[in-house]
Amino acid sequence: MVEGNEYVELKFRIYDGTDISHSSYASSTTITALKQKLVSEWPQGKSVVPKTMNDIKLIHLGKVLENNKTLSESGVRDGGFAGGVITMHVVIQPVLTKKKSAKKQDEAGKLNSCGCTIL
């Protein structure tokens, strides 16, 4: 089959078990486009909200999907299983969290470094 003619039915499960954006997507859809759609359609009233698509990681079959790849390049194919809907897991990891962890590593490095003087 020609890429782009195939459609995959996806839903996205967020941290609290809620499924969002259940729809059919072309196999030529990029991971970046999916992330942008998720940010724009994120449910209101959730305690954790992504600000940009860079805050989101999509996981399929235990692998984090790369932004520049399409669904077909990422190995996401419509399965021949009951229901036919593929569930992707959405992990929110705000950039702010990364900065804090880097800061903690710097502080840990400073605490673990010592200087000894032998007289």
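Colleague: I clicked on S24. Where does S24 have its place?
Modeller: S24 is in strand β2. One thing to keep in mind as we go: this is a predicted model.

Colleague: Is S24 buried, exposed or partly exposed?
Modeller: Partly exposed, because its relative accessibility is 45% and that class lies between 20% and 50%.

Colleague: Leaving aside neighbours within four places in sequence, what is S24 in contact with?
Modeller: With Y7, V8 and E9. Take E9: S24 and E9 are 15 residues apart in sequence, yet their C-alpha atoms are 4.2 Å apart in space.

Colleague: Let me zoom out. How many helices and strands does the chain have?
Modeller: There are 2 helices and 5 strands. Along the sequence they come in the pattern β-β-α-β-β-β-α.

Colleague: And what share of the residues counts as buried?
Modeller: 29% of the 119 residues in the chain. As for the accessible surface, the chain has about 7900 Å², and carbon and sulfur atoms hold 52% of that.

Colleague: What about contacts across the sequence: how much comes from residues 24 or more positions apart?
Modeller: Counting contacts with a separation of 6 or more, such residues account for 57%.

Colleague: Changing topic to charges. How many salt bridges are there?
Modeller: The count is 5. As background, side chains of opposite charge can pair when their charged atoms come close.

Colleague: Show me one. What does D16 pair with?
Modeller: D16 forms a salt bridge with K46, and the closest N and O atoms are 2.5 Å apart. D16 sits in the loop between β1 (7-13) and β2 (19-26), while K46 sits in the loop between α1 (31-40) and β3 (56-60), so this pair ties together parts that are 30 residues apart in sequence.

Colleague: Is D16 buried or partly exposed?
Modeller: D16 is partly exposed, with a relative accessible area of 41%.

Colleague: Which residue does D19 meet in a salt bridge?
Modeller: That's R13, at 2.7 Å from N to O. D19 has 33% relative accessibility and counts as partly exposed. R13 is partly exposed too, with a relative accessible area of 28%.

Colleague: And K69, which residue is its partner?
Modeller: K69 forms a salt bridge with E66, with 3.8 Å between the closest N and O atoms. K69 counts as partly exposed at 31% relative accessibility, and E66 counts as partly exposed at 43%.

Colleague: Which residues are joined into a network by salt bridges that share partners?
Modeller: K11, R13 and D19 are joined into one network that way.

Colleague: Now the backbone. What's the phi of S21?
Modeller: S21 has a positive phi of about 50°, although it is not a glycine. S21 lies in strand β2.

Colleague: Buried or exposed, that S21?
Modeller: Buried: S21 has 13% relative accessibility.

Colleague: OK, and where is the place of L61?
Modeller: L61 is in the loop between β3 and β4 (63-64). L61 also has a positive phi, near 55°, in a residue other than glycine.

Colleague: Is L61 buried or exposed?
Modeller: Exposed, with a relative accessible area of 73%.

Colleague: So what do β3 and β4 form together?
Modeller: They form a hairpin with 2 residues between them, and L61 is in the turn. The strands β3 and β4 pair in the antiparallel sense over 2 bridges. One of the pairings involves I59, whose bridge partner in β4 is V64.

Colleague: In what sense do β3 and strand β5 pair?
Modeller: Antiparallel again: β3 and β5 (residues 86-92) pair in that sense over 4 bridges. L58 has V90 as its bridge partner in β5.

Colleague: Last one: which residues of β3 are on its covered face, and which on the uncovered one?
Modeller: I56, L58 and H60 make up the covered face of β3, and K57 and I59 the uncovered one. In general, side chains in a regular strand alternate between the two faces of the sheet.

Note on methods
Residues numbered from 1 in each chain as written. Predicted model: local features only at pLDDT ≥ 70, side-chain atom pairs only at ≥ 80, totals over all residues. Heavy atoms only, no water. Buried < 20%, exposed > 50% of the residue type's maximum accessible area, 1.4 Å probe, protein only. Contact = heavy atoms within 4.5 Å. Areas by Shrake-Rupley, 256 points an atom, 1.4 Å probe, with all protein chains shown as cover. Salt bridge = Lys/Arg side-chain N within 4 Å of Asp/Glu carboxyl O. Pairing = 2+ DSSP bridges.
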